[in-house]
Amino acid sequence: MNRPRLVAGALFLAGHLFALGCSAPKPEPEIASSAPQSGYAERYPVELQATATSFSEREDLAKRATDQLAGYPDELKEPDWKVVVDVIEQADAAGRSYDYVERLRAVNGAMEFFADNKDELNRKVSGAAQYVVKQKGCDADVTGATAHALEEGVARQLEKYVRDRNEAHRRIDRHRASLGKENAAALERQADAVSFASYTVHIDMVEHKLRLRRMLEEIEAIKASIDEAVAAERAFQSSGDRTDAEKKASDARIEDLGRSKAMLDSSATQVKQIDETMEERLAAAQKRYREAMDALIATLRKNAGLPPAARED
């Protein structure tokens, strides 16, 4: 092999390997789009709008939480301010940590399930409690009290479940005796709020943005999926002996698909307008939170007699 061809081959191989090494790897695991599935396609317009609405709700929630940070020092009664600095800094960091984020996702899923099924769960638990009371020969109606206790119990357990993955609460537990009951309780609430606000602006709103953009890319596939689903329903009705009940159910599915398709363009137009401002709104939410947190830490460090925190570049 002559030298020019050897050099050319080496350069080609080096360039090819360089390109492979510098190309961005695909995130794992790769989750396939649900657009080909008729059930997802039918729900798509409503879920698209819900995701956009949820982004705005998270934005408002983060703003309210951020606006309250300045008042945190006044809620405490002569605590060890060095402990308070540590707790708040840990709470801020926890909101962006895997441990906290994964636990909060699990809790959010549980809360969503409970909210969607609350009436049925309350009915079953209250019914069982009422049966026991009746068996004891009592005439008291315990359904309302039982439902309230169930909801309160679930909320408290989920709160405890999240706190178990928040380093700030370990610091509070360590100093609980010296903090005192009132300060410890106030710091627990503050740590919860700081961690959740940090999570909202750094994780949750970002994930909403990405989910919305992923969904916007599916619009044409959703339209095709709806058309295919309607055609499949019509083929189902015309093949073999279909009962009146089967045809009625199939007609209902076709009607639902048609309504979803009619909503697609208007929903997409509204959401695209929101998408155009999402980066700016997200950056503003993060900036507002960081400035408020920096101001809070500065006040706490001053109260603790500590020098100002080193600024991050």
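Buried means under 20% relative accessible area, exposed means over 50%, and partly exposed covers what lies in between, with a 1.4 Å probe and protein chains only. The structure is a predicted model, in which local features need pLDDT of at least 70 and side-chain atom pairs count only at pLDDT 80 or more, while totals for chains, interfaces and linings use all residues. Residues are numbered from 1 along each chain as its sequence is written, and side-chain values use heavy atoms, with hydrogens and water left out.

**Exercise 1.** Classify Ala106 as buried, partly exposed or exposed, and state which helix holds this residue.

*Solution.* Begin with the helix: Ala106 lies in helix H4, where helices (H or I, at least four residues) and strands (E, at least two) are DSSP runs numbered from the N terminus. Next take the accessibility, which is 41% in relative terms, so Ala106 counts as partly exposed. Finally, look across to Leu158, which is 52 residues away along the chain, and find that the two C-alpha atoms are separated by 9.6 Å.

**Exercise 2.** Find the residue with which Arg58 forms a salt bridge, and explain what the pair ties together.

*Solution.* A salt bridge is a side-chain nitrogen of Lys or Arg within 4 Å of a carboxyl oxygen of Asp or Glu, and a search of the whole structure finds 33 of them. In one of these, the side chains of Arg58 and Asp204 meet at 2.5 Å, N to O. Because Arg58 belongs to helix H2 (residues 38-67) and Asp204 to helix H8 (residues 181-216), the pair ties together parts that are 146 residues apart in sequence.

**Exercise 3.** Locate the two partners of the salt bridge between Arg165 and Asp99, and classify each by accessibility.

*Solution.* The side chains of Arg165 and Asp99 come to 3.4 Å, N to O. Arg165 sits in the loop between helix H5 (143-163) and helix H6 (167-174), while Asp99 is in helix H4 (residues 98-135), and this pair links distant parts of the chain, 66 residues apart. Arg165 is partly exposed at 26%, and Asp99 is partly exposed at 46%.

**Exercise 4.** Follow the salt bridge of Glu188 and name the network that includes this residue.

*Solution.* Glu188 pairs with Arg163, the closest N and O atoms being 3.7 Å apart. Both Glu188 and Arg163 are buried. The network of salt bridges links Glu159, Arg163, Asp173, Arg176, Glu188 and Asp192.
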